[in-house]
Amino acid sequence: MRLLIKKSICVLLVSILFGACYAGPKSKEWNDKQAMVKAMEWQEQHPIFALAPTDWTNGVYYKGVSEAFRATNDQRYLAALKTMGYRNDWKPLHRTHHADDISISYSYLFISTTRRNLVDLKPTKDWLDKHLMEANEWNGIGGESKMPTLWWWCDALFMAPPVIAYYAELTGEKKYLDAMHKYYKETYDLLFDQEEKLFARDLRYVWKGNEKDIKEENGQKVFWSRGNGWVIGGLALILEHLPADYEHRSYYEDLLKTMAARLKEIQHEDGLWRTSLLSPESYNHGEVSGSGLYTFAIAWGINNGLLDKNEYEPVVIKAWEALRTCQNDEGMVGWVQNIGDSPKPADAGSWQNYGTGAFLLAGSEMLKLQDNK
Amino acid sequence: MRLLIKKSICVLLVSILFGACYAGPKSKEWNDKQAMVKAMEWQEQHPIFALAPTDWTNGVYYKGVSEAFRATNDQRYLAALKTMGYRNDWKPLHRTHHADDISISYSYLFISTTRRNLVDLKPTKDWLDKHLMEANEWNGIGGESKMPTLWWWCDALFMAPPVIAYYAELTGEKKYLDAMHKYYKETYDLLFDQEEKLFARDLRYVWKGNEKDIKEENGQKVFWSRGNGWVIGGLALILEHLPADYEHRSYYEDLLKTMAARLKEIQHEDGLWRTSLLSPESYNHGEVSGSGLYTFAIAWGINNGLLDKNEYEPVVIKAWEALRTCQNDEGMVGWVQNIGDSPKPADAGSWQNYGTGAFLLAGSEMLKLQDNK
Amino acid sequence: MRLLIKKSICVLLVSILFGACYAGPKSKEWNDKQAMVKAMEWQEQHPIFALAPTDWTNGVYYKGVSEAFRATNDQRYLAALKTMGYRNDWKPLHRTHHADDISISYSYLFISTTRRNLVDLKPTKDWLDKHLMEANEWNGIGGESKMPTLWWWCDALFMAPPVIAYYAELTGEKKYLDAMHKYYKETYDLLFDQEEKLFARDLRYVWKGNEKDIKEENGQKVFWSRGNGWVIGGLALILEHLPADYEHRSYYEDLLKTMAARLKEIQHEDGLWRTSLLSPESYNHGEVSGSGLYTFAIAWGINNGLLDKNEYEPVVIKAWEALRTCQNDEGMVGWVQNIGDSPKPADAGSWQNYGTGAFLLAGSEMLKLQDNK
């Protein structure tokens, strides 16, 4: 009898040990704060530079780290931020015509609010002046531009405008907001699809009504999940720093509301959006960078009174729960589409620092949503 | 029957799995050497710069790493030291009037003893010369000083003098010891309380016998735990490098013995000292940075024949056991008071690199104490 | 009765928890790919510079990381490679006469194949030109040399020639191959023992037939395991990049075959070679850096049709299984002989980045061997 019992115990034990216990606590056993810290710690241990430690991928990631610190006050985030800023000498990347290269300054601005005389904001100011106020390859000042507008691809609306709004907030210099608004509208006019209420990634994907229009197999327009994530995520970050009485504030609020409503309609029942928003069957699995940015922006909208809580809370709860399952037991956030400019698939092992950043942004607002209860 | 048993097993299992096994081995299951390495590995994965990688916080931490390598010969410590030194270009921080900024050189001096022609000690020498031999803002050479003395706050006695004693030991240049002794005594005369046998943090806390004297709520003087840790910990490091026949050696030995006797009296029964030494009720919990430095210095005193083993061993055993409980299962050493200049509270999640350093210093001498058995 | 059972369960539990489960999954439960990634992740968390981040030890390690990425396509390897290259500014170490200092460029060349316009190969080209084409301290151009030949110690055959072959492959410039072959042969003529089919580490170990000849206690010549690992490992890397129609290709192929045959004869029954190849009793335990390099080279020989699969597969399977047991549960690869130039012992705690590199090289070819099944 004892032998029999022992045997059944052994089976039980083995299944439990190699299931729940095998690798230490499973990610699903972490609470949200633990999951977020684990994501950051894993990412810090796997630094990745597409171009440089100041490139846009790190810019996005450290936006997430900044918001995570703001939401949790956990010093591990701030330590990572300050180490990064110090090592980067508080410099943006060098291409002053390219919105990507100022993305990292969002975290410098944030760090500057945590301690006086630590952060050198001069390189950020110089970059912004060259980007917005002086003639460069793309901004059309002086009449010449190689591109249709300064921010000719929708990703740019996440990379530069939140930095500009934040810089204007800290310095009180309204001229930066005016320049931002001018270029923002140009991009909107170029890429926003009034029917679908979504952004084309760039002019290639804007239909001109002829045979060359790029279509998905199902005949739909191509709307890239992460691309729209850049826009709506950027809107939340802009609004976070825009003065309450800024004359064009409602423009940004309305756009966030419009996009949120559309995204709610096309959320997949498992909570995550597909990389091709109107052709989910192309790559029929959830993707983290787009979904994380949506979750962040919609939760921000709820937390800041722009979006109705009853209507939108189920959207982000479902999304966040699904995002949590995309993190493995070591902290790595997978299911992130690789660097690109159009819908492509991801898998459980495809991670990127900007995916971790989107995860942290989403988690930060979800924590606030829970606190508001 | 089998079902019943299975059920009880399940309860048992769950409680055990989520207790002892849940997150891998608990910190309390590590031996002292494992606990120390885990602390260092965690800290290396969470670099933190108050000002720079060469600031005093890192100076303290890498003093701990140096002593840990000396005590264990575990190459992981030496690898961390050499990487840090190489990345810092073997430079102290830049303010040559400020004792904090030479603290990091202790580890450079140590690394230089492990391999020839690796470490550049020129920046350390230049810094020390400007600090001690040439006129600067604080040292009073030339007659002018903005401060009462060069080392006008007690923390300074940990930051600079051990580096000076070590540099004098390696170069044989006695003039550095003489300069050290001159300034050390000035600080002692200014801040040491002959009644309480403890150091005021700085002149603000030295009573002048009038209404403006700063008191704790219980009417006692304010003696900051970490501040006194800086002094007695610094004494052990100074004595480690002071020639046996140095004319003022007994001055430092006597001071260490005097302070150790006083600290023994006011140790809390749980083994750890409170941040306000004479007002334990202010923040009634153990604090790691002060307690770690005391444990280090007293154990050093026992190991080097200054303190009676029968009398003091129980003090440090109790303290070290309590310090070990302040480390979490990931290796993080908590209960460290944040950067400051007077007693303030800490909690399980408050970590700092200098707290890890104090933990490593304490552990290093505890290992030697165990070896001496 | 229930109590009795509970007791036996407790014993069972404790033994299992503190055995299999204690520290999370044991290294022996990882598959080969997991074991390799864990080794890399552990090494990245323990950076070690003998001289600099561009020294030969890192050169060897990142050769391993490069091959691991080639074999698995796991982005974690590529992220580590790019971060390292960026931080090193794509520069070799500075001594242009010393083969060690170009070893790191192998990884730069590899990274350059993964993305255009990312890697600056100019410093590598300049270094190679000074090493091979212009007079320096050791290469004998101009008639003067302080050494018998440029690559006067067998380690050099791993450090420089694979970089040269790879550079010639990527640029198509055959003159580098010709220079390589000239110096390679000089080293071979100096150090290869035609009787034993092994390389002396340097001229000190080449017998001249007089009393001064250095002997092991058993009377045998001294053949250093890692030293021969450098040669045969280097041969695999050279052949990987040598044009199929290169006129001297068979010279390198024959040498790899000759050495493989000899190493097969002297493999220890536990799968690992001893640090003194002909005097295994000197330090009678397996050593990872030499054994890893042999496993890599022999598996490469099988995978590329140079060595008979039936004959050599058992050799590398046995070796790889034994190498896997030298990795601890945190990922650390132990049993690596420290930096040196002759046989010395190792132990479970002796790790080095080049040991991790040898482990990754071995694993990479073992994965390909398994895929070829």
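1. Start in chain A, where A:D155, A:R201, A:D202, A:R204 and A:D341 are joined up in a network of salt bridges. A salt bridge here is a side-chain nitrogen of Lys or Arg within 4 Å of a carboxyl oxygen of Asp or Glu. Over all chains, the structure holds 78 salt bridges.

2. A word on the source: this is a predicted model, in which local features need pLDDT of at least 70 and side-chain atom pairs count only at pLDDT 80 or more, while totals for chains, interfaces and linings use all residues. Residues are numbered from 1 along each chain as its sequence is written, chains are lettered from A and ligands numbered from 1 in the order in which they are written, and side-chain values use heavy atoms, with hydrogens and water left out.

3. Now look at chain B, where B:R324 pairs with B:D32 in a salt bridge whose closest N and O atoms are 2.7 Å apart. This one links distant parts of the chain: B:R324 sits in helix α13 (residues 309-324) and B:D32 in helix α2 (residues 32-44), 292 residues apart. Helices are DSSP runs of H or I, at least four residues, numbered from the N terminus. B:R324 counts as buried at 13% relative accessibility, and B:D32 is buried too, at 15%. (Buried means under 20% relative accessible area, exposed over 50%, and partly exposed in between, with a 1.4 Å probe and protein chains only.)

4. Another chain B pair stays within one helix. B:D178 and B:K174 form a salt bridge with closest N and O atoms 3.1 Å apart, and both lie in helix α9 (residues 174-191), four residues apart, about one turn of the helix. B:D178 is partly exposed at 36%, and B:K174 is partly exposed at 40%.

5. Over in chain C, C:E67 bridges to C:R70, with 2.9 Å between the closest N and O atoms. They are three residues apart in helix α3 (residues 56-72), so about one helical turn separates them. C:E67 is buried at 1%, whereas C:R70 is partly exposed at 33%.

6. Back to chain A for some helix packing: α8 (residues 161-171) and α9 (residues 174-191) pack at an angle of about 160°, with axes 9 Å apart. That makes α8(A) and α9(A) roughly antiparallel, a label for angles over 145 degrees. A:P161, A:I164, A:A165, A:Y167 and A:A168 of α8(A) make the contact (heavy atoms within 4.5 Å) with A:Y176, A:L177, A:M180 and A:Y184 of α9(A).

How values were computed
Axes are lines fitted to C-alpha atoms, for helices over the stretch in contact, and angles run from 0 to 180 degrees between N-to-C directions. Helices (H or I, at least four residues) and strands (E, at least two) are DSSP runs, numbered from the N terminus. Angles under 35 degrees count as roughly parallel, over 145 as roughly antiparallel, 65 to 115 as roughly perpendicular and the rest as oblique.
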